[in-house]
Amino acid sequence: MMRPMKLAGSELVFGKGCLEYIKSVPAKKALIVIGGKSMERSGILQKVESYFSQAGAQTKVFSGVEPDPCFATVKRGAEMMKAFEPDMIVALGGGSVMDAAKTMWVYYEHPELTTLDEVLTAKPFPKLRGKARFMCIPSTSGTASEVSRSVVISDDETGMKHGLGNMEMMPDIAVCDPEVTATMPPHITAETGMDALTHAVEALASKRANYLSDILAHAAVIDIVNNLPKAYQNGNDMDAREKMLNASMTAGLAFTNVSLGIVHSMAHTLGGYFHVAHGLADAILLPYIIEFNSADPTAKAVYDNMARDLGGGDLCEIIRDLNRKVGIPACVKEVVPDEAAYMAKVSEMAPVALADGCTKTNPIIPTVEQFVELFKKVYSA
């Protein structure tokens, strides 16, 4: 059942069948950004185009956004936008598609910008919505970019990931229909689901955690732990798909307000250096970082309370058990088998993780030396 909500000027629609909400959205031209062919094969792209057509809008599709989207892709999309002149930009896909489309939006609105660094360092951040509004239709239950102000874009030359967050990039409309997520294969269901769980757990322990974020993150943890194995085992379980999509969105609302922690700092770094998928890196790292953060009494109390509410005594073990159920490796070595190459980069990765924007809200701020030890510890179980 469709459940529309208004949140601080944004429209948030969720529930089975809510894709039809598009028919009520005013637009003259909608440019739809997608990744590969999955949205087309499933018929979702055609359905989205049909709903816009029924609303009186012309549509055009930009395809080919890759995992860990690079700046060159962003520029190509922005050039198409400049030619088509949409008044609605639609990101239909997972986190990479949503991040790329948000960044394309910035360059479409501001054609005077030509480099990635100009946006990364812009103060103040460029104003948006002069030409178009922005809609997200997520196809995964994990990144929560549909309710987030953040993007991650890779440098064309180095492949390093650059994170950027500003409230200007908050989507105007989020349409969260579980039917769109039914195309996810099991390993993507697992990895994106664990990304969502990491968002919730890190929001709970964040230095900025508050009454409202705690309510949202707590509910998300419970629903993800209970429903991710069901969605992983049976992708057509639409009740589990809906609960996962709602929990991902809820965790996103929490972390957008209170930020994250060093699971994300280290996952961003691992992704940049060794191209480990983000959700997979989060899933592997999360129990190790809970152990590290438990040296802080406040964080330990948060973790212990969460474990109790999940019916267990140790949050690390609950998460490790969940990882086993959904096929997640126990350590980094299983996804980066070249130990010599990995260890050669540890001293270089440590300061990068320390400088990541997520580090400052972690319960404990590690030193460079502690990051070195953490990168070594997570390598082998």
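Reader: What volume does the largest cavity have, and how is a cavity defined?

Author: A cavity is a set of points on a 1 Å grid over the protein atoms alone where a 1.4 Å probe fits but cannot get out. Grid points are joined across faces, edges and corners, and the volume is the space filled by probe spheres set on the points. In this predicted model, the largest cavity has a volume of about 60 Å³. The search of the whole structure finds 3 cavities of 30 Å³ or more.

The model is predicted: local features need pLDDT of at least 70, side-chain atom pairs count only at pLDDT 80 or more, and totals for chains, interfaces and linings use all residues. Residues are numbered from 1 along each chain as its sequence is written, and side-chain values use heavy atoms, with hydrogens and water left out.

Reader: Which residues line the largest cavity?

Author: Lining residues have an atom within 4 Å of a point. Here there are 15, with Glu202, Ala205, Asn293, Tyr303 and Asn362 nearest the centre. Helix 7 (186–205) and helix 11 (278–293) each give two or more residues to this lining; helix 11 gives the most, with 4 residues. Helices are DSSP runs (H or I, at least four residues), numbered from the N terminus.

Reader: Which residues of helix 13 are buried, and against what do they pack?

Author: Buried means under 20% relative accessible area (1.4 Å probe, protein chains only). In helix 13 (residues 315–325) the buried residues are Leu315, Cys316, Ile318, Ile319, Arg320, Leu322 and Asn323. They pack (contact: heavy atoms within 4.5 Å) against helix 7, helix 8 (211–233), helix 11 and helix 12 (297–309).

Terms used: 1 Å grid on protein atoms, 1.4 Å probe; cavity = no way out; pocket = protein on both sides within 12 Å on 5 of 7 lines; lining within 4 Å. Buried < 20%, exposed > 50% of the residue type's maximum accessible area, 1.4 Å probe, protein only.
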